[in-house]
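Biologist: Let's go through this one term by term. I'd like to hear the cut-off behind each label.

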Amino acid sequence: QVDAVRVYVNSSSENLQYPVLFVVRQQKGVLSWQVPLIFRGLYQRTYNYQEVSRTLCPSEPTPETGPSDQIVFVDVASMAPFNITYELLVTRLENFQLQTNKAFNFTASPSQPQYFLYKFPQDVDSVIIKVVSDAVYPCSVVSVQDIVCPVYDLDHNVEFNGVYQSMTKQAAITVQRKDFPGEQFFVVFVIKPEDYACGGSVPSSIHGNVNRTWNLQRTKNLQVTIVPSIKKSVYVQAMFFSFLSFLSFYLGSVVVAFVHYIRVRRKASAGRLSPDDGSGMMTSSHPITASTPEGSSYGAIDESSSSGGHQLPSPERGLPAGSDTDSSVEEESDFDTMPEIESDKNVIRTKVFLYLSDLSRKDRRIVSKKYKIYFWNIITIAVFYALPVIQLVITYQTVVNVTGNQDICYYNFLCAHPLGVLSAFNNVLSNVGHMLLGFLFLLIVLRRDILHRRAMEMKDVYTLDYGIPKHFGLFYAMGIALMMEGVLSACYHVCPNYSNFQFDTSFMYMIAGLCMLKLYQTRHPDINASAYSAYASFAVVICLAVLGVVFGKNDMWFWVIFSMIHVLASLALSTQIYYMGRFKMDGPDSDLGMFRRAAMVLYTDCIQQCSRPMYMDRMVLLIVGNLVNWSFAIFGLLYRPRDFASYILGIFICNLLLYLAFYIIMKLRSSEKLLPIPLFCIVATAVVWAAALYFFFQTLSSWEETPAESREKNRPCILLGFFDDHDVWHFLSAAALFFSFLVLLTLDDDLDTVRRDKIPVF
């Protein structure tokens, strides 16, 4: 048992020019203070206390000397030219050593800090120090320090040694035996003289009587409990669970591919194989010429009459088998710069009823090359983005480990399990799903790509005009984006805070944008955005997100500018989508021609044809989409949410879900089918996303608040004693994104046997 002594002093003197000085000399060190004891706050504000109580550094008996009495010298002095009355009281502490799994209650104040000793039991390698209080204020600091004298237990020096964190109602610090060679440590509790560090009101500068800062009542009742943390076997179980859970997706994919292969072989042996059965395997049998009832495609008229009585031959018809190689000299402009083709494109894309054959007229090799740029560009972006991010979070973690300041990172401290240099290994490990499932999606896309190439080699030229054109560049980019989301989310959770939150959301913007581009590309392969313009748009969004984090808290001017940009961008994009990219705001009449053309289009399409727009389905989608985006803009102006990055992500996700719902509804309206695999993926996506969002909204920390306020939201682990709610969100969101990608990949497999001039565009 370790004995400790506490010294209490009190002086009635209020003369700051002649304080009473107390010096305590012990075997291991010297401790000194003055009365009145002065603390300093903001604006040079001072807080004076006439009662001071300090615990002396304890001396532990050694085996060589055995128990011995402590010799303590207390020197009292003052330079005052008059007598000063003081009171001195020395007491022995009965409960100085904390016990495992046993709660201990005590009180502390700025001038009367407390600290206690804890020794590791033989079978415990790691413990969690849990501190709770019923009162939010006064703000306090919990510190863990090595057995060194003197103990730093005042507001101005508690940060000099050990690990510490600020606290309002709750705090938790994980301590490992390996960090303390003596297998014991002090737990120090300090009450701060002001509350601004914990989110309290900031005191104004002093005007008037300073006596109001004397002997403020800032006593806080605290309860500390030290419990054993998890054992090493739990780390192993958690890692096995993480990898095996997602490797099961690989097993499921292999089973589905094998079953599909068996079905294809059986159909092939029976002579009933369709031209493209979703896997690229085919025979020379002629495909079905139509799969939709006559007149079901929005009342479509005959193709020959709608295109002016002629149709350009598809460039794909003249391609020899196996000519899918890229050429560095072939560009998109090789087709588009021909004047007669440009004129024909203007005629075709402004028809009332469009079919896929109207928008898949370009050379397949050139279009495929265009979409492969998405893949190579996102790899380049990922490398240049990830490397400085990794370097930065390593620096953050190093600063936390060296300084001991646990207010830098916003962890869920009740479920933060360290490993190596990482303070919260569980938050990093839970992102493995994004990387594993992203790689699996790349393998699935690669398989489809290879089978499609084989199919192209086996097909006769007649069957090239069937099904959705197969361009896999965007799918490869989506797989890389999913993997990078896992990497950057893991980097963010190395030390989550206000400064690096955009790391966790940057590739989420790209994933949502790429999914919308892929949906649009499916039935508009010739007019989709180029990779350069798409990634440039994503870069603008990320810049806006950074500006929003910096200026979006209280600056109204930022929200006005952002809302204007948001609304104008929605209108501009809606115009391009409505007119299939054929609307141009330029003309021969200099700058005034732009406004004249806009007024003419507005009069023709909105006033003369007000009863029924020329493109009804597109108009309905764009009206709903603009209403949603304007609602977001109005919400932002009125409430100015502090989490601007999540606000932008919500805009992207809502637009993606709206477009996907429109696409599926129009697909069903056109009498197209949902095959079992895409139907299963749609249901799985909805179920898993619903479960994932439930855990996402279980807020466990918030860098929008002070570290002490954020810790009030901390909660214990819920899975295997290792993962918290946010880790479960990581697991489920990875699976939900994977199923979402599979929906886009397989949604139109039913059209592989349908002629492109029978597939409607929407």
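Biologist: What percentage of the 762 residues of the protein chain count as buried?

Modeller: Of those 762 residues, 52% count as buried. Buried means under 20% relative accessible area, exposed means over 50%, and partly exposed is in between (1.4 Å probe, protein chains only). Bear in mind that this is a predicted model: local features need pLDDT of at least 70, side-chain atom pairs count only at pLDDT 80 or more, and totals for chains, interfaces and linings use all residues. Residues are numbered from 1 along each chain as its sequence is written, and side-chain values use heavy atoms, with hydrogens and water left out.

Biologist: How many helices and strands does the protein chain have?

Modeller: There are 17 helices and 16 strands. They are DSSP runs numbered from the N terminus: helices are H or I with at least four residues, strands are E with at least two.

Biologist: Why is H13 called roughly antiparallel to H14?

Modeller: Helix H13 (residues 616-639) and helix H14 (residues 644-669) pack at an angle of about 160°, with their axes 11 Å apart. Axes are lines fitted to C-alpha atoms, for helices over the stretch in contact, and angles run from 0 to 180 degrees between N-to-C directions. Under 35 degrees counts as roughly parallel, over 145 as roughly antiparallel, 65 to 115 as roughly perpendicular and the rest as oblique. So H13 is roughly antiparallel to H14. The contact, meaning heavy atoms within 4.5 Å, includes Leu621, Val628 and Phe632 of H13 and Ile651, Leu658 and Phe662 of H14.

Biologist: What makes H9 roughly parallel to H14?

Modeller: Helix H9 (residues 502-523) packs with H14 at an angle of about 20°, so H9 comes out as roughly parallel to H14. Their axes are 10 Å apart. Among the residues that meet are Met508, Ala512 and Leu519 in H9, and Ile648, Phe652 and Leu656 in H14.

Biologist: Why is the pair of phenylalanine 106 and phenylalanine 189 called tilted?

Modeller: It's one of 58 aromatic pairs in the structure. Phenylalanine 106 and phenylalanine 189 are 4.7 Å centre to centre, with 55° between the planes. Rings of Phe, Tyr and Trp (its six-membered ring) pair if their centres lie within 6.5 Å; planes under 30 degrees apart count as stacked, over 60 as edge-to-face and the rest as tilted. That's why the label here is tilted. Phenylalanine 106 lies in strand E9 (residues 104-108) and phenylalanine 189 in strand E15 (residues 184-191), so the pair ties together parts 83 residues apart in sequence.

Biologist: What makes valine 683 partly exposed?

Modeller: Valine 683, in helix H15 (residues 676-696), has a relative accessible area of 47%, so it is partly exposed. Its C-alpha atom is separated by 9.2 Å from that of phenylalanine 739, 56 residues apart along the chain. Phenylalanine 739 belongs to a cluster linked by ring pairs, whose members include Tyr235, Phe425 and Phe680.

Biologist: And how do you know that serine 32 is partly exposed?

Modeller: Serine 32 has a relative accessible area of 48%, so it gets that label. Serine 32 is found in strand E3 (residues 30-35). Leaving aside neighbours within four places in sequence, serine 32 is in contact with Phe22, Val23 and Arg54.
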